[in-house]
Amino acid sequence: MIEQLLINFLWLQCIGTVFGVTQVLLARKNNVNNYLFGIISVLIGMWIAFHSKLYADMLLYFYYFVMSIYGWLYWKFGKRKTATPITYATRTEHLKAIGIVSSSFILMVYGLSEYTNSDVPYWDATTTAFAWAGMWLMAKRKIENWIYLNISNIISIPLLLYKELYVYAALTAFLFIVAISGYIKWRKLIKHETESNIGLLDT
């Protein structure tokens, strides 16, 4: 039974990885449909996190699920019913992101320590806190999302190895590289859009 569960874990990790990779590659290309692949990936991840006693990660996946729906709608329509452009975060948004990291870390450490049998409450809470802020910034189409997500990624890799979730550890290492590329790509898109707007003003 244990062997069968491990086999299922491996297959589920592989399937989740395929959808996760597709999601992040589409996000890098600024494609709104990345969220559709992300929803399937997070549902699989939620199940695996629960059975691996990574309860903060399970909560994170649920948050991903909600933010994926919100992000898809926001990217698609924005506040003015038109596609929302990529921008840099404002001072207020930076403060909100830091607030998300701080508050979610404190709450999750307390919850994991007091109400679960997690053996890595601080580790688990740290990766989740930065990922929460990163996903919020991505839903807002802010370039800084890649920075927060990569802080989460670099901390998550040894955690996943410790939990023997090797496929997910490899996926996270891949996502770390893609996030760097995504930041560079989005910065170029912002520059191009800015230059285009200046060109329109000049004409």
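The axes of helices α3 and α5 come within 9 Å of each other and cross at roughly 5°. Here an axis is a line fitted to C-alpha atoms, for helices over the stretch in contact, and angles run from 0 to 180 degrees between N-to-C directions. That angle makes α3 roughly parallel to α5, since angles under 35 degrees count as roughly parallel, over 145 as roughly antiparallel, 65 to 115 as roughly perpendicular and the rest as oblique. The residues where α3 meets α5 split into 17 nonpolar, four polar and two charged. For this tally, Ala, Val, Leu, Ile, Met, Phe, Trp, Tyr, Cys and Pro are nonpolar, Asp, Glu, Lys and Arg are charged, and the others, Gly among them, are polar.

A quick word on the model itself. It is predicted, so local features need pLDDT of at least 70 and side-chain atom pairs count only at pLDDT 80 or more, while totals for chains, interfaces and linings use all residues. Residues are numbered from 1 along each chain as its sequence is written, and side-chain values use heavy atoms, with hydrogens and water left out.

Zooming out, the protein chain has seven helices and zero strands. Helices (H or I, at least four residues) and strands (E, at least two) are DSSP runs, numbered from the N terminus. Of the 203 residues in the chain, 46% are buried; buried means under 20% relative accessible area, exposed over 50%, and partly exposed in between (1.4 Å probe, protein chains only). Among contacts with a separation of 6 or more, 72% join residues 24 or more positions apart, a contact being heavy atoms within 4.5 Å.

Next comes the inside of the protein. The largest nonpolar core holds 53 residues, and Tyr63, Tyr64 and Trp146 touch the most other members. A nonpolar core is a set of buried Ala, Val, Leu, Ile, Met, Phe, Trp, Tyr and Cys residues joined through side-chain atoms within 4.5 Å. The elements giving two or more residues to this core are α1 (2–28), α2 (34–51), α3, α4, α5, α6 and α7 (166–202). Helix α5 provides the largest share, ten residues. As for Tyr63, leaving aside neighbours within four places in sequence, its contacts are Trp132, Met135 and Trp136.

Helix α4 (residues 91–115) has 25 residues and reaches 36 Å from its first C-alpha to its last, close to the expected 36 Å at 1.5 Å a residue. That expected span is 1.5 Å times one less than the number of residues. The buried residues of α4 are Glu93, Ala97, Ile100, Val101, Ser104, Met108, Val109 and Leu112, and their cover includes α3 (55–77), α5 (121–139) and α6 (145–162). Glu93 counts as buried because its relative accessibility is 15%. Beyond its neighbours within four places in sequence, Glu93 is in contact with Tyr88, Trp136 and Lys142.

Trp11, in helix α1, tells another story: at 58% relative accessibility, Trp11 counts as exposed. Its C-alpha atom is separated by 9.5 Å from that of Val167, 156 residues apart along the chain.

Finally, a look at the backbone. Most residues other than glycine have a negative phi. Arg141, not a glycine, has a positive phi of about 60° and sits in the loop between α5 and α6. Glu164, also not a glycine, has a positive phi of about 65° and sits in the loop between α6 and α7. Arg141 is buried, with a relative accessible area of 6%, whereas Glu164 is exposed, at 54%.
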